[in-house]
Amino acid sequence: IRYPEMSRGLGDVYKRQNKSMPSDKEQKKSPEEEAEEKKYSFLQEKIKGKQGSRETLIKQFIRIAIYGLILGMFACLGFFALKPWMQQWFAGNAKTVMIPEDEQAAEDSEKNQEGKEDPALDAESYEEMTAGLNERVKEARKSIVSVSSVSEKADWDGEMTGILQSVTGVIAGDNGREFLIIADSSICTGASAWRVTISDGKSFDAALKKVDNNRKIAVFGIGKHVVDEDDSGLIKVAVLGNSKKVAQGDAVIALGNIFGYADGMSYGVVSASNYKATFFDGECAVIATDIPAEEQGTGMLFNMDGEVVGMISSSVWNDTGKNVVNAYGISDLKPIIELLINGKSVPYIGIYGTTVTEQLAEEHKMPSGIYVADVDPDSPAMAAGIQIGDIICEASGEEIKDIAAYQNIVIGSSVGETMEFVGKRLGSDGYVNIKFSVVTTEKEEVK
């Protein structure tokens, strides 16, 4: 007889019987308490989780690793997709771009040449000179771009030949968010979208920022966030030099669409630098060269130091019939360029005038100032009553002695400002005083 086992069995039966029999306290419970206890009886149950095997744990680990890898891949793709937008959004405010003023020459070039011997004119020196010029051209090309309009119609000729309708631009500023490009405004006619191509052939969408149709200058911007780091070394902001130092006989380099294609290049010499081109509300020095050019050629003129000294445009002396490179002197355009690349409009009045020289004043008994040779239709000047033959002597309280002084006063004003003009008009008894109130505007519509 196994007494221990029997005792354990009787003990178990006793426990089960005791468990099934209600205690005195349980018997005394009210019906409401019993109902409440049954209602929440499930909370007293203990649920034990299933013991996981080693195989299950490994599978869960692999599953989590795969999910993490997929999530990481999507995060990387999202980062690269949003990177340009993030760079543009968090780039900060655009900085004001300052165009450095012209520096005065410390000494005359003749004095600098004193005591120097002329180089030997042999094959070796010619090769050295050519290599030096090519090195300067290579560096200058980093600031030269091609600006073309984007059309919905396919340009089959351009696709076959690689020669697209374009104008040459130069990177003139960097405001921290965009590279700012000045170019001939002829590319704006009839277009609504543009692309800029840099020296290595890569193209970027460009935004038209400002236009001065008076001087035919447009400013385009390409976001710095779209330019790859690999291309950053191929883009350079040009140095705008002092075109007033350019003299007849100086060697110059012409780059751009001067022969009908975008990346043309030629060397030459300055044939003249003492002439002017006149437009409404101002004038600009012209640098004429012996470099041949296509009739509608555009580009930039560089000196031997790699500085931009002229802006080649088909509108410079376009009625001469001579297809050579002529450029606006960059020094006279610097105030205009600084306004445009900073998003400001160029004040416009609409007077086509010329300086009354001492000789003219003496011969024709004319007062000093600027003679109004023409008035632009629908301009502020015409609205104010200014007529051909009037002589403007004073503007905003400042005396006007020549067209340059008048141009500086106009550029120094703000669009929408009311300017008081004092002038002279020829009557039956000679010149009489006249006054005008002129409200400046802007001439930037793209026709």
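Strands here are DSSP runs of E, at least two residues long, numbered from the N terminus, and two of them pair if DSSP finds at least two bridges between them. Because the model is predicted, local features need pLDDT of at least 70 and side-chain atom pairs count only at pLDDT 80 or more, while totals for chains, interfaces and linings use all residues. Residues are numbered from 1 along each chain as its sequence is written, and side-chain values use heavy atoms, leaving out hydrogens and water.

Take β4 and β5: the two run antiparallel, and four bridges join residues 194-197 to residues 203-212. Arg195 has Asp205 in β5 as its bridge partner.

Over in β6 (residues 217-223) sits Phe220. Phe220 is buried, at 0% relative accessible area (buried is under 20%, exposed over 50%, partly exposed in between, with a 1.4 Å probe and protein chains only). Its C-alpha atom is 4.6 Å from that of Leu208, twelve residues away along the chain. Beyond neighbours within four places in sequence, the contacts of Phe220 include Val147, Phe179, Trp194 and Leu208 (contact means heavy atoms within 4.5 Å).

Ile66 is another story. This residue belongs to helix α4 (residues 54-89) and is partly exposed, at 44% relative accessibility.
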